[in-house]
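Open the model in your viewer and keep the selection panel at hand. The tour goes from stop to stop.

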Amino acid sequence: MSVVIHIYYTGTDGAARRFAEEMESSGTAAEIRREAGNLKYEYFFPMSDPQTVLLIDSWTDQHAIDAHHASPMMEKITQLRVKYNLHMRVERCLSDEGGIPESDSQFIRT
């Protein structure tokens, strides 16, 4: 069962977007994507809130997340969060190993 974390970074005057851009341009996001157990690490920009950036961060299991949290990478991320004075809201989701129910799949266009 994979673990998906949604982190909403919110700042002022475009700080959250600049944070995400620096995570990408510095190579930090790419390093995280190469960590053992990382399945996805992608930033998105909500249309209804220009001061917020959504990170979708997916891992194979809790052990992979724990290793990530214990890595030197977290110090880099923490420094950037402070630099851009960001506040966070976090949602944690567990994957549904059974797949998408038939009742939902009828609404998905592939």
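Select His68 first: at 3% relative accessibility it counts as buried (under 20% relative accessible area; exposed is over 50%, partly exposed in between; 1.4 Å probe, protein chains only). His68 sits in helix 3, residues 62-69. Helices (H or I, at least four residues) and strands (E, at least two) are DSSP runs, numbered from the N terminus. Show what His68 touches beyond four places in sequence: Ile32, Glu35, Trp59, Met73, Met74 and Ile77. Contact means heavy atoms within 4.5 Å.

A note on the source: this is a predicted model, where local features need pLDDT of at least 70, side-chain atom pairs count only at pLDDT 80 or more, and totals for chains, interfaces and linings use all residues. Residues are numbered from 1 along each chain as its sequence is written, and side-chain values use heavy atoms, leaving out hydrogens and water.

Next, select His6 in strand 1, residues 3-10. His6 is buried too, with a relative accessible area of 18%. Its contacts beyond four places in sequence include Leu54, Ile56, Val90 and Cys93.

Zoom in on strand 2 and strand 3 (residues 52-59): 6 bridges join them. Tyr41 has Asp57 in strand 3 as its bridge partner.

Last stop: Ile108, in the segment after helix 5 (102-105). Ile108 is partly exposed, at 45% relative accessible area.

Terms used
Pairing = 2+ DSSP bridges.
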